[in-house]
Amino acid sequence: MSAQTETTSKKVGWGLVNVLVLLYAFVPVVWIISLSLKGGDTLNDGKFLPANPTSDAYSKIFSNDDFLRALANSIGICLISTFIALVLGTMAAYAIARLDFPGKTAIVAMSLLISMFPQIALVTPLFKIETAVGLFDTWPGLILPYITFALPLGIYTLSAFFREIPWELEKAAKMDGATPYQAFRKVIAPLAMPGVFTTAILVFIACWNDFLFAISLTSTNRARTVPAAMSYFTGATTFEKPTAAIAAAAVIITIPIVIFVLFFQRRIVAGLTSGAVKG
Amino acid sequence: MSTLVAQPDEAVDIAKRRASEGKRAEQRLGMLLCAPAVVVMLSVTAYPILYAIYLSFFKADLRTPGNNEFIWLSNYVTVLSSPIWWSAFGITMFITVISTAFELIFGMMLAVVMHRTIVGRGLVRTSALVPYAIVTVVAAFSWRFAWTQGIGWLAGDSAPLTEKWPSVWIIILAEVWKTVPFMALLLMAGLALVPEDLLKAASMDGATAWQRFWKITVPLIKPSILVALLFRTLDAFRVFDNIYILTSGANNTSSVSIVAYNNLIRGLNLGIGSTMAVLIFITIAIIAFLFIKLFGAAAPGQGTGR
Amino acid sequence: MRERTSRRLVKRVASIGAGLLASALLAACGNSGGGVPTINLYGSASDAGFDQILGPCNAAAKGRYKIVGNLIPSDADSQREQFVRRLAARDSGMDVLGMDVTWTAEFAEAGWLRELTGEKKQQATAGVLQPPIDTATWKNKLYAIPRSTNVQLLWYRKSLVPQAPKTWDDVLAVSKKLKSEGKPYIIGITAAQYEGYVVGFNTILSSLGGTVVNKDSTKVTVDAKTVRALSILKNLATSGLASKSLSNSQEPEVFAQMQNGEAAITMNWPYVLSAMRAANKKVAADLGVTRIPEFAPGVPARATLGGLNYAISKYSKHPDLAFEAAMCLRNPANQLKGALSPAGNVPTLKSVYDQPEFVKAYPMKDDILAEMKTAVPRPVTPLYQNISTIVSTTLSPPSAINPDATAQELKDKIQQAIDGKGILP
């Protein structure tokens, strides 16, 4: 009886905390959605919600071929980059966390240094290389830099993670008669997954939101991604900003991320539930 | 004499050789596993980074590629003796320290909520990440709109973006709002590794929630904290998008990245611009070094795991 | 065991790499083919849709060339960034460049533009208003075909301001009177730290007869007139007659001040009329328009020119065809189309101003033409971008201007920029 009321009050407490989190996350987002629904007549009225919402901006961007093409580019480029970065990052991170080999410190230091250099200084030389090699304005032309700048974070996150995994469990499982593959799949993989999926989400979002490389290393809609395409939106005249269209595009391109996160966040659960660790 | 003693020697030798073979195999595997990542990173960044460092010693303009002139450290003297640079440096430091501190506190709180909540966990986790997912320039633009007098819901009759400190705080707000989820996600991944049993045992021994947090959780997720803090600081020090949209550096709110952008990309002054990039790089490297020293062995690559 | 796994991994990675490379090569090859030369136009996207403009011109080309429209980012800074990066790399993929009027000297001096001479010069300037030609000229040589032009006008609420203000003092007086009567009184100008602020400052300075740099851009020319121009800005900012957001106002904010009924008088581009009709019919019906007020009484104001020109890239492989294409894109029919489109591109060809459709859509065409007679380009110098950055930051915020000291600061910084010293703020 009392245990039940305790859990109920606990639930209510958490519910309130959750509401706070949702307010934090969504108030500014609602403002962006509201901007996307405002027409020219109410855009400047200073009200939080649109007085007479219109979906003009949405129909406008969905009839814009360049935007749709950019959406396809974004999805393709970011999925490929995330996948490759994860594979390469996991390999490197495993080695760094578990193995002893010369040059390890150098690799760790180098990857950190790379992620420290201001990217605006790299764009022009990178553009030169890509035009010389024929990668300018292609998918690989964006995928390569994305992988590069995702790898340091990936390697750091994953190796910090792999270090914390109790690898003795693998040995223990093998002693209990598990094959190496089983030991990996049943014991190690579940423990490693939260780190891998966290990294996947971070890498995907970083790639999805990149503007600098997208605008500098593309020139047509062959490889242009959404954030870059948005800077090509125009108002009715040179001096008007396409506020509603930009806001609408921002809302639209947030949806794939939400789906991506929904899909992956389930797997970021407590890896070590009671029973998995003994002693 | 020799045969009798030699035998155990040989055995040791073989054992040693085996061990060193195993060691060599491990070394080879380690290098092989790292090779692809290293190759990609180097092939994309080696030339651009070295080229930028090289240019920082030249008087160079993008419009006149033939007229580069080697001027030793003159560019560094010019930049480091400029009040514009130091004003931007101060603002950048301020924004970095304040926003990273807030992000760590709020990020930790959010991570605990995302990790522990017992109702609507999926909803909370997914929606908490939405701010990080919104394209930075759009978020910045919507903040600018919201804080503009007359047309934004937050501004009312004031015009905060026309004054220095209110602008700086709005920039910090925009930064913090956007990147708390980044922190939270990294910290939550760390929390997932804290053994429940340990916490339960501590709880039975009479440790309060606060003690459990400081004595068990924090030490265990130290590596995650380091990574999150490190990468956030690196990014925060290069703050650009939010300032560019919110004030474009008006009222002395320029960050070092804004100044570098104005010289390098707008002014096409490759020499000065590259010098600023190198100086930003050096500053960040120092910060990172301090962090790693501070956190000691929590950095990856130090020690060999288990 | 381990080793084999790792080798397999390496193999897999290698095959992924090869796949990437192959797709890159394919993409690079997909470009060629077809015997008709392609003329790549990089133009302002706010035009009346590429299809409408390109269609007729491609038809008129009768298969000799095909113009392909390429979008560029909507803000001028990103446009210039892209142009500069590609031109500096001698990219032959760009033929016709839609250029902001402020880039002419810089691009010409860098040797990126083809000079227009002889018959081409003749064709490009025939029937064109003189001020737009000036924006396409550097050191007495023509580098671009004037496509559209622009000048700010003075917009006011007829119900509040019964008589069109003639001088800046009139503007201040009427606003002060409105304020004392408790009516909307705000004077709106673009004074955020950006290019539009430089436009406003240049208009005031030129109207007083001043300049920022000399003709061949070797010396700074800041003097007493600059000090006076700075006092005018300072006075507006501290008079209580400007918006609180003055130092954060770009065109959209100035427009919003008018739309919300805060502002009585604003300086803004001709787009205000059509945009206001869409945004607020009541205010639109109440809009009055006149020339920029006289800053030196008795001397007509000299408005700052905006607009866009077509230049031919030095690295174009088909410069003659590119020229032909650009001339078609800005022929009278297409200029009229551009003017009537929502973009509202103000024509450079005199003949277009007499077309009945134009007269109907631009009731303020006489004001525009009158303003055009005295209008001036922004400081014509290869260092324009640097000088613009210096001017907008040194003068920001307008309320902090201290006329004498600010003028001296401006002088020092611009001279430093000319000498290639110092850093940009």
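Biologist: What separates the centres of domain 1 and domain 2 of chain B?

Modeller: Domain bounds come from an automatic or database domain assignment. For chain B that assignment gives domain 1 (2-55) and domain 2 (85-298). Taken over C-alpha atoms, their centres are 38 Å apart. This is a predicted model, where local features need pLDDT of at least 70, side-chain atom pairs count only at pLDDT 80 or more, and totals for chains, interfaces and linings use all residues. Residues are numbered from 1 along each chain as its sequence is written, while chains are lettered from A and ligands numbered from 1 in the order in which they are written.

Biologist: Which domains does chain A have, and how many residues join them?

Modeller: The assignment for chain A gives domain 1 (1-54) and domain 2 (60-265). Their C-alpha centres lie 30 Å apart. Two residues are in contact if their C-beta atoms, placed from the backbone, lie within 7 Å. On that rule, 6 residues of domain 1 of chain A touch 6 residues of domain 2 of chain A. Residue classes work like this: Ala, Val, Leu, Ile, Met, Phe, Trp, Tyr, Cys and Pro are nonpolar, Asp, Glu, Lys and Arg are charged, and the others, Gly among them, are polar. The domain 1 side of this contact in chain A has 4 nonpolar, 1 polar and 1 charged residues.

Biologist: What radius of gyration does chain B have?

Modeller: The radius is taken over C-alpha atoms, and the globule rule is 2.2 Å times the number of residues to the power 0.38. A compact globule of 306 residues would come near 19 Å, but chain B has 26 Å. Along the principal axes, the C-alpha atoms of chain B fill a box of roughly 95 × 65 × 30 Å.

Biologist: How many helices and strands does chain B have?

Modeller: Helices (H or I, at least four residues) and strands (E, at least two) are DSSP runs, numbered from the N terminus. Chain B has 13 helices and 2 strands.

Biologist: At what angle do α3(B) and α10(B) cross?

Modeller: Axes are lines fitted to C-alpha atoms, for helices over the stretch in contact, and angles run from 0 to 180 degrees between N-to-C directions. Helix α3 (residues 83-116) and helix α10 (residues 222-237) of chain B cross at roughly 145°, with axes that come within 9 Å. The contact includes B:Thr92 and B:Gly107 of α3(B), and B:Ala228 and B:Phe237 of α10(B). Its residues divide into 6 nonpolar, 6 polar and 2 charged.

Biologist: How many residues does each chain give to the contact of chain A with chain B?

Modeller: Chain A gives 94 residues and chain B gives 85. The largest share of the chain A side, 15 residues, comes from α1(A). By class, that side has 65 nonpolar, 20 polar and 9 charged residues.

Biologist: And how many residues of chain C touch chain B?

Modeller: 30 residues of chain C are in contact with 32 residues of chain B. α1(C) gives the most to the chain C side, with 5 residues. That side has 12 nonpolar, 11 polar and 7 charged residues.

Biologist: Where in chain B is confidence lowest, and where is it highest?

Modeller: pLDDT is the predictor's confidence in each residue, from 0 to 100. Chain B has a mean of 86, and 94% of its residues reach 70 or more. Confidence is lowest in α1 (residues 2-55) of chain B, at a mean of 82, and highest in α3(B), at 94. The model scores ipTM 0.85 and pTM 0.86.
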